Amino acid sequence: MQSILVGIAASPGIVVGPVHLLRWEVPEVPHRVITDAEIDGDLERLHQAVGRSRDRLRALRERAEAQAGPEEAAIFDVQLTILDDAELIQSIEVLVRQHIAVEKAVDLVFLEWRQHFARHQTAMLRERVGDLVDVQIRLLSVLLALPDYDPVELPTGSNAILVTHDLTPSLTLQLDRSAIAAIATDAGTATAHVAILARSLGLPAVVGLRTATERLRGGEIAILDGAAGTLAIAPSAAEIEGARERAQRDAARQHELESFAELEAITVDGERLVLRANVDLPEEAETAATSGADGVGLMRTEFLVVGRAAMPDEDEQYRAYRRVVEAFGKRPVIIRTFDIGGDKLPVGGFPTEANPFLGWRAIRMCLDQPELFKTQLRALLRAALHGDVRIMLPLVVTVDEVRAARALLDEAADELAQAAVPHRADVPLGVMIETPAAAVASGTFARDADFFSIGTNDLVQYTLAVDRGNANLADRFTALHPAVLTLIRQIVESGRTHGLDVCVCGEMASQPLMVFALLGLGVRQFSVAPRAVGTVKQLVRAVRARTAADVLTEALGMATAREAEHLLRRRLRQELAHDPTLLETAALLT
Ligand code: PEP
Ligand code: MG
């Protein structure tokens with residue numbers, strides 16, 4: 001019997017395929033005591049499990065190396081080293097000799113090691129926690145004879161819908177793209193990084209399904225609709241046919257929107273806008289460059305790091321940045337320095353802080369590790385020789401951070417000059433305004449920053465105290481809350497007063513209704529998902545900036561996000577009423 005699970009739309013696209021359930025979580029291990037006679041047998045099982053896990057990791061390593069290159073494959077080296085750690089294995093053996101069954105012994109020792117690493121002073125060791133968890137899951141699945149739900153264990157061309165509780169960015173990057181056609185998760189929201197990454201990879205996704213992993217067993221046929229945010233289980237033949245037809249219509253519409261690529265982003269009353277693209281992976285650059293964007297408004301460099309065992313060196317980073325810069329020719333490319341932390345963590349991606357979003361994230365982590373930061377800055381200054389590069393700092397709260405970053409940028413330039421490495425030193429340095437502190441005090445950055453870019457994903461999260469990745473709070477993540485609108489207006493005015501460009505690069509800028517709102521707040525620069533460039537251009541070419549401003553004056557007086565949304569929706573429909581195809585766009589707004 002068909003049932004429809006409703007979640008949150010995260011990445012558009014319709015996929016019909018079998019469910020592949022991935023349970024990549026530490027299983028429950030019952031406490032069990034063994035007799036003297038059982039000790040040798042359990043020790044033998046331990047060594048067999050280590051052997052099997054090692055074989056599995058080697059196979060994965062080979063596959064990753066062939067598919068993604070040696071850097072990606074290095075994750076598995078770290079995990080192999082853990083499996084070969086004599087001290088770790090001995091600690092497990094000691095517990096087995098004390099009559100603790102081998103599964104429980106593995107569980108206890110890994111728990112102790114994870115706690116120890118999580119509290120370690122060295123960041124690199126704290127990051128090993130994720131690898132420990134991965135190895136723990138792998139060993140326990142062998143010992144408990146659980147099915148091996150490995151994410152990459154699927155035949156090519158399976159067209160599978162991967163269903164899992166949560167997907168860390170590093171796991172997302174490891175997915176076998178030839179076998180997985182879509183992603184569905186219990187956790188997450190539209191602005192969680194898994195959703196952002198799914199959009200970058202062009203993988204349809206629904207997140208926030210809450211109970212999908214409990215309700216599914218794997219193998220069921222399902223229809224995932226990434227734009228509607230639904231997962232329909234066991235559909236009828238007619239429903240499958242309907243889904244395929246909708247997919248074809250979507251493809252035709254996407255094709256039609258591509259015809260907007262060459263047109264200018266100009267409103268009916270003549271306001272010329274800057275419309276740039278967000279790029280999350282260097283491989284996206286060439287496609288993004290043909291989307292009709294005026295450059296890159298945000299390159300999220302941390303995706304060069306997540307899922308990796310070690311930081312990419314200067315040359316590797318230089319090549320990645322240069323690729324994006326060259327794809328865009330003379331058009332500006334704004335590259336953001338590493339925003340590691342929050343839910344974007346290297347290797348296993350398991351947070352080691354109680355409050356990662358309030359923790360050691362982004363510019364804080366970079367300033368505390370000047371060598372790591374300067375490596376990135378040198379790579380950026382070298383890439384700047386090949387085009388119009390601008391550097392942007394994430395999560396700034398105080399101007400001290402901008403000054404410290406600029407000092408390191410100067411040092412990086414001096415180091416390159418001394419080593420006679422070709423580079424450009426006069427690169428603009430901008431800041432992301434994504435905390436209420438930076439928004440309210442945006443004027444204090446004006447002398448030290450060359451431009452502003454509003455990160456609405458974080459600005460909404462921090463203003464409303466709503467975790468951007470928590471599916472249970474998704475309804476409360478409302479960008480049209482009067483506090484958020486007021487802050488955005490304030491940032492725009494501050495930019496105008498000080499003669500600084502203000503762009504919006506959060507997900508808000510990719511949604512037509514929100515674009516209308518931002519236009520009304522005076523925003524004239526947008527950076528959006530490459531696939532949204534056509535939709536946003538079509539919208540702005542059909543509305544008047546003057547009308548948007550009037551509507552926003554009214555919306556700012558509304559007490560709640562719901563009231564503001566209702567008003568905006570009504571007025572945007574009126575604005576688009578002259579064109580039935582555009583009304584269809586308005587229908588997509590719901
Ligand atoms: C934002 O916060 O809006 C933003 C663009 O940055 P990220 O989503 O990478 O945190
Ligand atoms: Mg952000």
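## Ligand 1 and its shell

Ala, Val, Leu, Ile, Met, Phe, Trp, Tyr, Cys and Pro are counted as nonpolar, Asp, Glu, Lys and Arg as charged, and the others, Gly among them, as polar. On that basis, the shell around ligand 1 comprises eight charged, five polar and four nonpolar residues. The model is predicted: local features need pLDDT of at least 70 and side-chain atom pairs pLDDT 80 or more, while totals for chains, interfaces and linings use all residues. Residues are numbered from 1 along each chain as its sequence is written, ligands are numbered from 1 and chains lettered from A in the order in which they are written, and side-chain values use heavy atoms, without hydrogens and water.

Of the 17 residues around ligand 1 (a heavy atom within 4 Å), Arg300, Arg336, Gly455, Asn457 and Arg468 come nearest. Helix H8 (193–201), strand S10 (296–300) and helix H17 (456–464) each supply at least two shell residues; H17 gives the most, with three. Helices (H or I, at least four residues) and strands (E, at least two) are DSSP runs numbered from the N terminus.

## Polar contacts and cover

Polar contacts with the ligand are pairs of N or O atoms within 3.5 Å. An oxygen atom of ligand 1 lies 2.7 Å from a side-chain N or O atom of arginine 468, and one lies 2.9 Å from a side-chain N or O atom of aspartate 458. At threonine 456, a polar backbone atom is 3.0 Å from an oxygen atom of the ligand. The protein covers 100% of the 290 Å² of accessible area that ligand 1 has on its own (Shrake-Rupley method, 1.4 Å probe).

Notes
A polar contact is a pair of N or O atoms within 3.5 Å; within protein, one must be able to donate a hydrogen and the other to accept it, and residues adjacent in sequence count only if both atoms are side-chain atoms.
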